[in-house]
Amino acid sequence: MPQKVAGLPEHVAVIMDGNGRWARKRGMPRPAGHRAGVKSVRATVQHAARLGIRQLTLFAFSSENWKRPAEEIGVLMSLFREVLQREVAELHKNRVRLQFIGERERLGPRLRTAIEAAEGHTADNDGLQLVVAVAYGGRWDITNAARKLAQKARDGELDPETIDEQSLADGLQLAGMSDPDLLIRTGGERRVSNFLLWNLAYAEIVFSDVLWPDFRESDFDAAVDYFTGRQRRFGHTPEQLEAAKC
Ligand code: IPE
Ligand code: IPE
Ligand code: MG
């Protein structure tokens, strides 16, 4: 019976929201909130690694965020590159393996180069697997996976009758990784905003009112505590899970 006792989550996903409001509250322009959010990213990565979490997936920029003012997008893209270049040595030292998911063809050449360099540099690390979602959308991800299957079928390499959930999952950006056990969204909104639509099927969800730049270790701990108190049933009855324990 597929049972999972909710110990420490293996994979935590975070929608880092609330930067703009954090800045506005202080009478500052929205990009100041994005800059302030970097501190929370650093604290969260270090803390997750310390707790022994295996995978951390951070939503940094969605497919829909391309609709924002060009100036804000520009600041964000420069910030991604700047932070990546500055932090990669420290991440490597801490054995973090860094990966990016999303439509990287839409990113500028300098950011792409920085991403590829960071991924290559940390590829053999065996510590925390840190995945950053940039220009990522859950619908894009699933569409992309479906296209790959269709191409294989067209080329005669795949019988459509044999397509199952696993074959589609194998074409997703997080192929080979376990599904997130816990999703945290900061900033008070209670929605998924086109994040990992397929992979979040059974995630426990914590919505935190804390704005991302204010998010600290204790907020992460509170979400993990909530998670460890859950009974994850995956469709079974509580009685079935009790019986399986004996
Ligand atoms: C999240 O903060 C960061 C990105 C989406 C890039 P927001 O920029 O969405 O902040 P709010 O929601 O406007 O406060
Ligand atoms: C979701 O936040 C995307 C990221 C945090 C990167 P948004 O602020 O873009 O989400 P909506 O548009 O309010 O749903
Ligand atoms: Mg937002």
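I began at D126, which is partly exposed at 47% relative accessibility (buried is under 20% relative accessible area, exposed over 50%, partly exposed in between; 1.4 Å probe, protein chains only). The model is predicted, with pLDDT of at least 70 needed for local features and 80 or more for side-chain atom pairs, while totals for chains, interfaces and linings use all residues. Residues count from 1 along each chain as its sequence is written, and side-chain values use heavy atoms, without hydrogens and water.

Next I looked up the partner of D126. The side chains of R95 and D126 form a salt bridge at 2.8 Å, N to O (a side-chain nitrogen of Lys or Arg within 4 Å of a carboxyl oxygen of Asp or Glu). R95 sits in the loop between α3 and β3, D126 in the loop between α4 and β4, so the pair ties together parts 31 residues apart in sequence. Helices are DSSP runs of H or I, at least four residues; strands are runs of E, at least two. R95 is also partly exposed, at 47%.

Then I checked E204 and R232. Their closest N and O atoms are 3.5 Å apart, in a salt bridge. E204 lies in strand β6 and R232 in the loop between α7 and α8, so parts 28 residues apart in sequence are tied together. E204 is buried at 15%. R232 is buried at 4%. I also noted one network of salt bridges that share partners, joining D17, R21, R185, E189 and R191.

Last, I looked within a helix. R86 and E82 form a salt bridge at 3.9 Å. Both lie in α3, four residues apart. I count 17 salt bridges by this rule.

How values were computed. Chains are lettered from A and ligands numbered from 1 in the order in which they are written.
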